[in-house]
Amino acid sequence: MLTVQFVLEPLDNQRLANLCGPLDENLRQIETALEVTIARRGEHFSVQGAQAELAREVLQDFYREAKQDITLERLQLGLIEAMKWREEPQPTGDFVPLLMTRKAEIRGRTPRQNSYLQSIQEHDITFGIGPAGTGKTYLAVACAVDALQRETVRRLVLVRPAVEAGEKLGFLPGDLAQKVDPYLRPLYDALYDLMGVEKVVKAFDRGVIEIAPLAYMRGRTLNHSFIILDEAQNTTPEQMKMFLT
């Protein structure tokens, strides 16, 4: 049986308390999910089990995020993501997804970005989870542009919840597209970079690229389309079910 011993640094008693949870409940959840045994004395941890290395990585990741309480939902989501990443076959050096855009060929810079691109190309539905700045939106748009260039899809549909970042801006002037434009600006930036402004404007005029506000998607039929839902964490459970079905 594999045994891994390590120390969580820098020492922070509050973060340790948030990591372990009340009566070490978070540690028990990790033990159950990964089928390991966790023992600790202060910041010193000892993990036994076949997935001891994975448990160490999970504990270190959660410790970095433990400045605030770790909710049960966040803990379970992190465990699912960690186990899914370990179980899925990763792209090898022999196969790196390449995307055709105006900027020539685009490829992922990290193994996880390559895995993300490969998942988008091979599956009908892909969830991209990660911190800001890791290329989730940009690479999704690049895959969409690549699919349009190869004519594997006929239309690109951009969707994003109309949620402000902290401050209320009030009512916005203009028609439906103009009201939604500010929320879709990150998608536009990627499109302009990958296709050029003129091609994007022409694609909008021809209906090849379409804005579909999430609030008005119920009942839509979107055949042969590449659909991107950006900032999906801001949707309600009902909106997510409606979007996926």
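Predicted model: local features only at pLDDT ≥ 70, side-chain atom pairs only at ≥ 80, totals over all residues.

Tutor: A residue is called buried when its relative accessible area is under 20%, exposed when that area is over 50%, and partly exposed in between.

Over the whole structure, a search finds 3 aromatic pairs. One of them joins Phe 6 and Phe 45, which are stacked, with 5.7 Å from centre to centre and 10° between the planes. This pair links distant parts of the chain, since Phe 6 belongs to strand S1 (residues 3-7) and Phe 45 to strand S3 (residues 44-48), 39 residues apart. Phe 6 and Phe 45 are both buried.

Tyr 188 and Phe 204 meet in another geometry: their ring centres are 5.7 Å apart and their planes stand at 80°, so the pair is edge-to-face. Because Tyr 188 is in helix H8 (residues 185-195) and Phe 204 is in helix H9 (residues 197-206), the contact ties together parts that are 16 residues apart in sequence. The two partners fall into separate classes of cover: Tyr 188, with 4% relative accessibility, counts as buried, whereas Phe 204, with 26%, counts as partly exposed. Ring pairs also bring in Tyr 192, so that Tyr 188, Tyr 192 and Phe 204 are linked into a cluster. A ring can have a charged neighbour as well, as where Arg 15 lies over the face of Tyr 63, at 4.5 Å from the ring centre.

Turning to the charged groups, side chains of opposite charge can pair when their charged atoms come close. The count here comes to 8 salt bridges. In one of these, Asp 24 pairs with Arg 40, and their closest N and O atoms are 4.0 Å apart.

A local arrangement is found where the side chains of Glu 53 and Arg 56 form a salt bridge of 2.7 Å, N to O. Both residues lie in helix H3 (residues 52-64), 3 residues apart, which is about one turn of the helix. With 33% relative accessibility, Glu 53 counts as partly exposed.

Finally, Arg 220 forms a salt bridge with Glu 210, for which the closest N and O atoms are 2.8 Å apart. Here again distant parts of the chain are linked, as Glu 210 is in strand S7 and Arg 220 is in the loop between strand S7 (209-211) and strand S8 (225-229), 10 residues apart. Arg 220 counts as partly exposed at 35% relative accessibility, while Glu 210 is buried, its relative accessible area being 17%.

Definitions and conventions
Residues numbered from 1 in each chain as written. Heavy atoms only, no water. Phe/Tyr/Trp six-rings, centres within 6.5 Å; stacked < 30°, edge-to-face > 60°. Helix = DSSP H or I, 4+ residues; strand = E, 2+ residues; numbered from the N terminus. Buried < 20%, exposed > 50% of the residue type's maximum accessible area, 1.4 Å probe, protein only. Lys NZ or Arg CZ within 6 Å of the ring centre and 35° of its normal.
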